[in-house]
Amino acid sequence: MENHSKQTDAPHPGPYLPAGYAPQYPPAAFQGHAAYPMPQSGYQGPQGPYLGPQPDYPVPPGSYVGGGPSGFPVQNQPGGPGGTPWMPAPPPPLNCPPGLEYLTQIDQILVHQQIELLEVLTGFETNNKYEIKNSLGQRVYFAVEDTDCCTRNCCGASRPFTLRILDNNGREVMTLERPLRCSSCCFPCCLQEIEIQAPPGVPVGYVAQTWHPCLPKFTLQNEKKEDVLKIVGPCVVCSCCSDIDFELKSLDEESVVGKISKQWSGFVREAFTDADNFGIQFPLDLDVKMKAVMLGACFLIDFMFFESTGNEEQRSGVW
């Protein structure tokens with residue numbers, strides 16, 4: 001994904017805190033998840049299957065650039081160096097998991113993976129880092145993989161991982177957990193999946209791979225593992241001078257309501273790095289938890305199809 005050499009933008013504490021970065025929050029805020037309240041007593045529970053956009057809501061065309069957080073000023077990262085501005089937090093709506101209020105204001109997410117120089121020069125797999133932005137270029141979240149060295153370099157792109165998603169205060173607002181699963185379509189009993197937690201420790205949804213002999217398919221589920229939406233990719237997942245679209249569809253696969261696009265980054269970047277760019281589009285009125293689940297689906301798709309640069313079979317999308 002896009003080269004972001006300014007690693008000092010990462011707000012995460014502990015091992016992810018860059019040298020010279022002066023956080024503006026106390027260390028105690030990072031002990032567990034105490035900073036996040038549990039869901040309110042009036043929480044109404046999971047929604048059923050998404051019935052598609054409202055009658056007056058058009059399906060975004062391919063050139064659509066998305067809606068931004070209208071009415072909110074641009075703010076820079078507190079305590080950090082000048083650079084990418086952060087999206088200011090909107091007022092949290094009722095029944096919204098803490099930290100997901102950013103997603104209520106947007107219908108498009110841009111995901112940019114940072115290039116790791118050590119990985120490019122030596123081939124030694126390092127923890128992935130991502131910038132997550134809105135359509136105005138304001139940073140919404142920062143994502144950091146938390147996987148041990150042995151797992152990264154022995155299991156490669158098929159590795160289980162924990163991905164921690166942080167807000168502009170360095171607080172962990174989401175946790176993505178991918179267990180170890182089979183990477184071949186010949187074993188439909190052990191397909192890929194990822195769990196999305198918001199706040200950490202509280203599942204809000206799942207992404208489960210659906211077996212198909214030719215197409216990459218996934219089902220988006222709520223916290224009760226009830227099917228809500230589906231994602232269908234192309235037969236040949238080949239990133240060659242064009243974008244690759246994974247369409248977000250209704251359960252009957254009749255209506256397209258959004259998409260996850262792997263964006264072409266240029267020959268050099270595609271050939272020699274595994275740093276990718278993604279765009280995610282969804283209806284503005286989609287349940288905020290399902291927006292978070294779509295973000296998890298994007299990371300799962302990245303690892304499944306675009307993480308390895310040397311694996312020609314995976315790059316060619318052979319199933």
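Which residues does Thr-175 touch, not counting residues up to four places away in sequence?

## Surroundings of Thr-175

In this predicted model, Thr-175 touches Thr-162, Leu-163, Arg-164, Glu-195, Ile-196, Gln-197 and Pro-200, when residues up to four places away in sequence are not counted. Thr-175 belongs to strand E5, which covers residues 172–178.

The relative accessible area of Thr-175 is 3%, so this residue counts as buried, the limit being under 20%. The side chain of Thr-175 also makes a polar contact of 2.4 Å with the side chain of Glu-172.

## Aromatic pairs

A pair of aromatic rings is described by the distance of the centres and the angle of the planes. The count of aromatic pairs in the model comes to seven. One of them is formed by Phe-246 and Phe-305, with 5.8 Å from centre to centre and 35° between the planes, and this pair is tilted. The pair links distant parts of the chain: Phe-246 is in strand E10 (residues 244–249), Phe-305 is in helix H4 (residues 288–306), and the two are 59 residues apart.

Both partners can be described by their accessibility. Phe-246 is buried, at 0% relative accessibility, and Phe-305 is buried with a relative accessible area of 4%. Phe-246 and Phe-305 belong to one aromatic cluster together with Phe-278 and Phe-306.

## Charges over rings

Phe-306, a member of that cluster, has the charged end of Lys-262 over its ring, 5.4 Å from the ring centre. Another lysine, Lys-225, lies over the face of Tyr-206, at 4.7 Å from the ring centre.

Conventions. Residues numbered from 1 in each chain as written. Predicted model: local features only at pLDDT ≥ 70, side-chain atom pairs only at ≥ 80, totals over all residues. Heavy atoms only, no water. Helix = DSSP H or I, 4+ residues; strand = E, 2+ residues; numbered from the N terminus. Buried < 20%, exposed > 50% of the residue type's maximum accessible area, 1.4 Å probe, protein only. Polar contact = N/O pair within 3.5 Å; in protein donor to acceptor, adjacent residues only side chain to side chain. Contact = heavy atoms within 4.5 Å. Phe/Tyr/Trp six-rings, centres within 6.5 Å; stacked < 30°, edge-to-face > 60°. Lys NZ or Arg CZ within 6 Å of the ring centre and 35° of its normal.
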